[in-house]
Amino acid sequence: MQNSIHIKIADFSIKLYSETSIELEEGYLPFVSEDEKGVDDVTIHCFSGIPAIDFQKAELVFEAKNEIQKFYSIFRSDTGLGFIIYNQQTKDEVQQIAFLDETFSQWEVYSNPSSESSRWPLKYPLGPIVMHYLTVKSNSVMIHASCVFDGKKGRIFTGFSGNGKSTISKLWADAGNRIINDDRIIIRKIEDNYVAFNTPMYYIDKPKSTVLNAIFLISHSPENKMKKISGALAVSKVMAFCIQNNFEPKLIQNHLDFLSELSMHIPVYELGFVPDASVVNFILANESGRIK
Amino acid sequence: MDLQKLYALKSKFVVRTVGNELILVPLTGNVAQMNELFTMNETGKFIWENLGEMTTIENIENSLTATFEIDADTAKKDLKIFINKLETLL
């Protein structure tokens with residue numbers, strides 16, 4: 001156990017530190033970095049114990065919740081954003097209170113001592129929230145997608161839950177290709193390339209990445225079929241699957257700008273597929289020759 | 001729906017031009033509404049961009065006929081399609 005931990009996710013440097021011992025869940029362990037040189041993209045100061053804060057006077061700007069439970073609420077203050085993070089097991093219990101400064105570079109995270117988050121400050125859902133705010137400040141996006149590298153090209157498959165992201169990545173893996181991740185990908189522009197990175201999951205997997213060559217919007221279909229789309233349609237359809245908190249115009253504008261440029265360089269296809277091995281050869285045979 | 005209501009709606013979207021089209025992303029405080037994005041073609045983009053606080057239906061129809069070299073009936077029809085589309089966003 002230690003008081004300071006460095007991790008690297010999508011080549012972003014994140015430093016967690018505390019006056020007490022902190023640990024990471026096993027999915028984060030392969031992302032621990034021994035390299036402590038250079039500037040951290042984000043620092044996370046972790047505390048045990050939740051301070052008494054009256055959020056009644058703050059402006060509630062966003063709520064992540066569904067019919068069953070709350071995930072987190074976001075409040076705006078003079079100095080940045082405040083987050084109430086809810087325990088996903090007990091549903092309504094506050095797991096953590098967190099504050100993010102205006103530059104999106106410094107977090108203060110206060111964990112409920114009775115919660116596992118006191119030991120694991122990046123416990124879900126805070127870990128993905130930290131990653132999301134890393135992307136919005138740094139010309140990149142995080143998307144619900146699977147990603148596969150075939151030795152030459154990197155392809156992302158995105159769509160609604162249940163549309164086959166994991167299924168299609170497994171079909172590519174069965175054909176001898178490498179899964180980068182089957183759920184959550186960060187896309188960054190690095191020099192002239194768009195690069196897709198995996199992110200820590202609940203299971204152990206080492207950091208992986210690939211140059212991105214194509215994006216597929218997937219759905220199940222009685223037959224394999226694909227159609228290239230472009231312009232506003234392509235941007236809007238890809239953006240719909242990006243992780244975003246749409247309360248701040250500037251953040252939305254950043255995402256729109258990034259995806260507009262991306263869609264001019266990376267082909268976007270609508271893909272209806274039969275969930276069997278045939279889809280791999282179908283894609284290889286029907287992709288545009290423009291893919292590098 | 002009157003155009004003043006539509007104009008008031010403009011501030012609730014972030015827009016981006018892609019070629020001759022427009023993407024509209026609604027500002028929302030709820031994660032469940034995040035996937036509701038909209039696109040507009042060249043005509044819709046033109047109407048959106050020319051929708052001002054004092055704009056009237058006649059203003060827009062006249063601008064459409066002048067800019068796109070279409071007749072008044074087509075302009076009325078295009079504006080109706082635009083309004084119908086925006087009504088679905090309310």
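This is a predicted model: local features need pLDDT of at least 70, side-chain atom pairs count only at pLDDT 80 or more; totals for chains, interfaces and linings use all residues.
What covers the buried residues of H5(A)? The cover includes helix H2 (165–174) and strand E17 (268–273) of chain A.

**Domains of chain A**

- The domain assignment divides chain A into domain 1 (2–136) and domain 2 (140–286).
- Taken over C-alpha atoms, the centres of domain 1 of chain A and domain 2 of chain A are separated by 26 Å.
- Contact between the two domains involves 18 residues of domain 1 of chain A and 21 residues of domain 2 of chain A.
- On the side of domain 1 of chain A that touches domain 2 of chain A, strand E1 (2–9), strand E4 (59–65) and helix H1 (126–136) of chain A each supply at least two residues.
- H1(A) gives the most to this side of domain 1 of chain A, namely six residues.
- By residue class, this side of domain 1 of chain A consists of twelve nonpolar, four polar and two charged residues.

**The open sheet of chain A**

- Eight strands of chain A make up an open sheet with mixed pairing, in the order E1-E2-E3-E8-E7-E6-E5-E4.
- E1 and E4 of chain A each have a single partner strand and stand at the edges, so one side of each is left without a neighbour in the sheet.
- Neighbouring strands of this sheet are turned against each other by 20° on average, direction ignored.
- Both edge strands, E1 and E4 of chain A, also supply at least two residues each to the side of domain 1 of chain A that touches domain 2 of chain A.

**The hairpin of E1(A) and E2(A)**

- E1(A) and strand E2 (residues 12–22) of chain A run antiparallel and are joined by seven bridges.
- The two strands form a hairpin with two residues between them.
- A:Ala10 lies in the turn of this hairpin and has a positive phi of about 55°.
- A:Ile7 has A:Ile14 in E2(A) as its bridge partner.
- A:His6 stands opposite A:Lys15 in E2(A).
- In a regular strand, side chains alternate between the two faces of the sheet.

**A:Phe31, a buried loop residue**

- A:Phe31 is placed in the loop between E2 and strand E3 (42–48) of chain A.
- A:Phe31 counts as buried because it has 20 C-beta neighbours inside 10 Å, and burial requires 20 or more.
- Leaving aside residues up to four places away in sequence, A:Phe31 touches A:Ile7, A:Lys8, A:Ile9, A:Pro200 and A:Pro207.

**A:Lys206, an exposed loop residue**

- A:Lys206 is found in the loop between strand E13 (193–198) and strand E14 (209–211) of chain A.
- A:Lys206 is exposed because 8 other C-beta atoms lie within 10 Å, where the limit for exposure is 12 or fewer.
- A distance of 30 Å separates the C-alpha atoms of A:Lys206 and A:Thr90, which are 116 residues apart along the chain.

**Helix H5 of chain A**

- A:Val279, A:Val280 and A:Ile283 are buried in helix H5 (residues 278–286) of chain A.
- The buried residues of H5(A) fall within an arc of 105° when seen down the helix axis, so they line one face of the helix.
- On the other side of H5(A), the residues A:Asn281 and A:Ala285 are exposed.

- Chain B contains four helices and three strands, which follow the pattern α-β-β-β-α-α-α along the sequence.
- Of the 90 residues in chain B, 22% are buried.
- Among the contacts in chain B with a separation of 6 or more, 34% are between residues 24 or more positions apart.
- Contact between the chains involves 19 residues of chain B and 21 residues of chain A.
- Strand E1 (13–18) and strand E2 (21–26) of chain B each supply at least two residues of the side of chain B that touches chain A.
- E2(B) gives the most to this side of chain B, with five residues.
- The residues of this side of chain B comprise eleven nonpolar, six polar and two charged.

Conventions:
Residues are numbered from 1 along each chain as its sequence is written. Chains are lettered from A and ligands numbered from 1 in the order in which they are written. Domain bounds come from an automatic or database domain assignment. Two residues are in contact if their C-beta atoms, placed from the backbone, lie within 7 Å. Ala, Val, Leu, Ile, Met, Phe, Trp, Tyr, Cys and Pro count as nonpolar, Asp, Glu, Lys and Arg as charged, and the others, Gly among them, as polar. Two strands pair if DSSP finds at least two bridges between them. Axes are lines fitted to C-alpha atoms, for helices over the stretch in contact, and angles run from 0 to 180 degrees between N-to-C directions. The arc is that of the directions from the helix axis to the C-beta atoms.
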